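Hi,

Here is the model I said I would pass on.

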Amino acid sequence: MPRKQSPTLTEAELRLMEVLWEKGPASVHQLLEALPERPALAYNSVLTTIRILEKKGYVQHTKDGRAHIYTPLVAREEASRFEIRNLVNRFFKSSHELLVLNLLEDKKLDDEELQRVKALIQTAGGEQ
């Protein structure tokens, strides 16, 4: 039985989306040229991945002669929010508070990051 397709982006899908977000519409050949050399991907891998992105609704294509030109339908910010919502739902029982607490308990936050988080919390609290 085939694996269920995840609505979130895999690493390979994200690599292609990053190129489309940065450079705009592109053919498979243009995507392949714009990708970093390591790890290298084959043309067929890029083609398969972009078709999966199209099925997921992240991109659409138009024909330009024989080539398909792929355009992102989802903005980077929208994809980021979707991934965060998915993370919160899966790992933190749909609680944004648990996510924030987990981040704050992570001792890798430096003082500058912690100050920005505090300022954002204060600003968000004032907007209610």
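Below is what turned up, going through the helix, the hairpin and a few loop residues.

Before the details: this is a predicted model, so local features need pLDDT of at least 70 and side-chain atom pairs count only at pLDDT 80 or more, while totals for chains, interfaces and linings use all residues. Residues are numbered from 1 along each chain as its sequence is written, and side-chain values use heavy atoms, with hydrogens and water left out.

Let's start with helix H1, residues 11–23. Helices (H or I, at least four residues) and strands (E, at least two) are DSSP runs, numbered from the N terminus. The expected span of a helix is 1.5 Å times one less than its number of residues.

Which residues of H1 are buried? They are Glu13, Leu16, Met17, Val19, Leu20 and Trp21, where buried means under 20% relative accessible area, exposed over 50%, and partly exposed in between (1.4 Å probe, protein chains only). These buried residues pack against helix H2 (28–34), helix H3 (43–56), E1, E2 and helix H4 (76–91); contact here means heavy atoms within 4.5 Å. Just after H1, glycine 24 has a positive phi of about 90°.

Moving along, serine 27 sits in the loop between H1 and H2. Serine 27 counts as buried because its relative accessibility is 11%. Leaving aside residues up to four places away in sequence, serine 27 touches His68 and Ile69.

Strand E1 (residues 59–64) and strand E2 (residues 67–72) pair in the antiparallel sense over six bridges; two strands pair if DSSP finds at least two bridges between them. Lysine 63 has histidine 68 in E2 as its bridge partner. Two residues lie between the strands, and glycine 65 in this hairpin takes a positive phi near 70°.

Last, the loop between H4 and helix H5 (96–105), where you'll find lysine 93. Lysine 93 is not a glycine, yet its phi is positive, about 50°. With a relative accessible area of 73%, lysine 93 is exposed. Serine 94 lies in the loop between H4 and H5 too, and has a positive phi near 60°, again in a residue other than glycine. Serine 94 is partly exposed, at 46% relative accessible area.

Cheers
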